[in-house]
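I opened this model to look for nonpolar surface. My notes follow the structure.

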Amino acid sequence: MSIAEIIFWVSAALIVYPYAVFPALVYLRGLLFPRPFRSAPVTPSVSMVMSVYNEENDILARLENIRQIDYPAGRFEVVIASDGSTDRTNEILQQYANDPDLGVPLTVLLLDRVGKAQALNAAVAQAGGEILVFTDANSLFAPDAVRKLVEPFADRAVGGVAGNQVYRSSKKNNLSESGEKSYWNFDRTLKTWESRAGNVISATGSIYAVRRELVTPIIDGVTDDFYTSTAVIEQGYRLVFAPEAVSVEGVTPDAEKEFRRKVRIITRGLRAVAARRGLLNPFRYGFYAVQLFSHKVARRLVVFPLITAFISNLFLLQSGLFYVLAAAAQIAFYAAALLGFFARRSSRKILKPVKIPFFFALVNAASLVAAVNILRGNQIASWVPHRAQKAGAAAAVASAAAGSGSETEDFD
């Protein structure tokens, strides 16, 4: 076997593993060695905490949504840290903090611009609940989301619970939105299997909860949801999935903004894995270490075997029909992604066949930029959020809640 063939087949294995072999391993582990956990309608004291920055377009809907959350009076509070907001966010927050009709104690922290990690740390320091629920300003909870999110804490072995983020559909022909939903449909299924097998890898920032005593200070330059939720695993507790705890949010409005968001998330995500690198030790953390490496390292760096598979394939065109067909398949796939880029705002009929190639290429291009950021030591501690419009948000929450976790049409 030539060097080019070795490179090609190793690259192919590294591409297939995170998307096919790893999910199959998780499914089989959950099927053969399930680890159930106890859920019950418990009502521990809960503090919802969030960091916001220039969220005047979203914070009003978020506060009204908080008003509708069904949780016992006196057992629920909200702490919001404004990270140096310069628009009307602070004014709106203070108005609601002084509104007795809100029905929930609201503490507002007006900070200088310190970055999301330090703003969240400040909010956590003010929170008094036994359970801390983390969320974002652009997320909207189903009325029973908090109740469903805390039910697994009836099991003392559970230290954290990942909720079910659902994407609200827009009426626009948005190729990035379509690809994002398909990706998160796959990830939702994977979370269900992971939870059945023992632990989900990490939580999503839109909705998750952690026991107060297990929350550790967040460091700068990492994804806060990953860093906070994986502290649960590090301290010997379980992190499980609650699909009925639904949070709805919109997708990033266009591919360019989605690309920048992915670069930020993957850059901070790789830094977070490096910060929690002890969790990659299989002798201490068992199958979870395999999950973490497969999902957060192998999948995020699959861009490199994609590149080596394509280049090595070009050197093998004279080695048989198989390699000719493999090269043709790769070229067709990337051509479809390129077509998707140029036609991303065209009709849905044109976009459907290319949505997966387009989104796959977008994510892996972002991964490549993120890897360069890591190698160059670039750190992203703060940013300006890009938010989708909130039209029809209340209906989306109701629809998602009624659908047992299936989306208004989809999931994060």
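**Ground rules.** I am working with a predicted model: local features need pLDDT of at least 70, side-chain atom pairs count only at pLDDT 80 or more, and totals for chains, interfaces and linings use all residues. Residues are numbered from 1 along each chain as its sequence is written, and side-chain values use heavy atoms, without hydrogens and water.

**Confidence.** I looked up pLDDT, the predictor's confidence in each residue from 0 to 100. The protein averages 87, and 85% of the residues score at least 70. Residues 388-412 stay under 50. Where pLDDT is low, the predicted coordinates should not be read in detail.

**Patch.** I found a nonpolar surface patch of about 970 Å² accessible area (Shrake-Rupley, 1.4 Å probe). Its members include F304, I307, L321 and V372. Helix 11 (303-314), helix 12 (321-342) and helix 14 (355-376) each give two or more residues. Helix 11 gives the most, with four. Helices here are DSSP runs of H or I, at least four residues.

**Helix 11.** I checked L314, which lies in helix 11. L314 is partly exposed at 41% relative accessible area, between buried (under 20%) and exposed (over 50%). V303, P305, L306, A309, S312 and N313 are buried. Their cover includes helix 1 (3-32), helix 12 and helix 14.

Methods. Contact = heavy atoms within 4.5 Å. Patch = residues over 30% accessible without salt bridge, like charges linked within 9 Å, V, L, I, M, F, W, Y side chains within 5 Å. Salt bridge = Lys/Arg side-chain N within 4 Å of Asp/Glu carboxyl O. Buried < 20%, exposed > 50% of the residue type's maximum accessible area, 1.4 Å probe, protein only.
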